[in-house]
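Let's take a friendly walk through a protein model, one piece at a time. Have the picture open beside you as you read.

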Amino acid sequence: MATRILIVDDERDVVELLSDTLRTKGYDTVSASTFEEGKRLLATLVPDVLITDVRLGHFNGLQLTSAFY
């Protein structure tokens, strides 16, 4: 089973670049473009790795990591 990586970033180009690159290396990627969407995904799936932007609207990636653990 491939390592699952959740990518959360509000810049669509960044998400696409990271997802495409990681998929070519054999990783399973899931992406979100908002803090809220990322938090919902964390509640329904358990990624092996979380990659997040520091700035996500009114919230930040550090707050999102607290939902990851």
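Start with helix H2, residues 35-44, which lies across S1 and S2 and runs at about 135° to S2. Keep in mind that this is a predicted model. Another helix, H1, lies across S1, S2 and S3.

| Helix | Residues | Lies across | Angle to S2 |
|---|---|---|---|
| H1 | 12-24 | S1, S2 and S3 | about 170° |
| H2 | 35-44 | S1 and S2 | about 135° |

**The sheet**

As background, strands of a sheet pair through backbone hydrogen bonds, either parallel or antiparallel. Here, 3 strands form an open sheet with parallel pairing, and their order is S2-S1-S3. Strand S2 (28-32) and strand S3 (49-52) each have a single partner strand, so one side of each is left without a neighbour in the sheet. On average, neighbouring strands of this sheet are turned by 20° against each other, direction ignored.

You can follow the pairing bridge by bridge. S1 and S2 run parallel and are joined by 5 bridges; in this pairing, Val-8 stands opposite Ala-32 in S2. Strand S1, residues 4-8, also pairs with S3 in the parallel sense, over 4 bridges. Here Ile-5 has Val-49 in S3 as its bridge partner. Together, S1, H1 and S2 make a right-handed β-α-β unit.

**The core**

Which residues belong to the largest nonpolar core? There are 11 of them, including Leu-6, Val-8, Val-30, Ala-32, Phe-35, Leu-41 and Leu-42. S1, S2 and H2 each supply at least two residues of this core, and H2 gives the most, with 3 residues. Notice that Val-8 and Ala-32, the facing residues from the sheet, are both members of this core.

**An aromatic pair**

A pair of aromatic rings is described by the distance of the centres and the angle of the planes. The structure holds 1 aromatic pair. Phe-35 and Phe-59 form this pair, which is stacked, with 4.2 Å centre to centre and 15° between the planes. Phe-35 lies in helix H2 and Phe-59 in strand S5 (residues 59-60), so the pair ties together parts that are 24 residues apart in sequence.

Is Phe-35 buried or exposed? Phe-35 is buried, with a relative accessible area of 8%, whereas Phe-59 is partly exposed, at 33%.

Note on methods:
Residues numbered from 1 in each chain as written. Predicted model: local features only at pLDDT ≥ 70, side-chain atom pairs only at ≥ 80, totals over all residues. Heavy atoms only, no water. Pairing = 2+ DSSP bridges. Axes fitted to C-alpha atoms, helices over the stretch in contact; angles between N-to-C directions. Contact = heavy atoms within 4.5 Å. Core = buried A, V, L, I, M, F, W, Y, C linked by side-chain atoms within 4.5 Å. Buried < 20%, exposed > 50% of the residue type's maximum accessible area, 1.4 Å probe, protein only. Phe/Tyr/Trp six-rings, centres within 6.5 Å; stacked < 30°, edge-to-face > 60°. Right-handed = clockwise from strand over helix to strand, strands pointing away.
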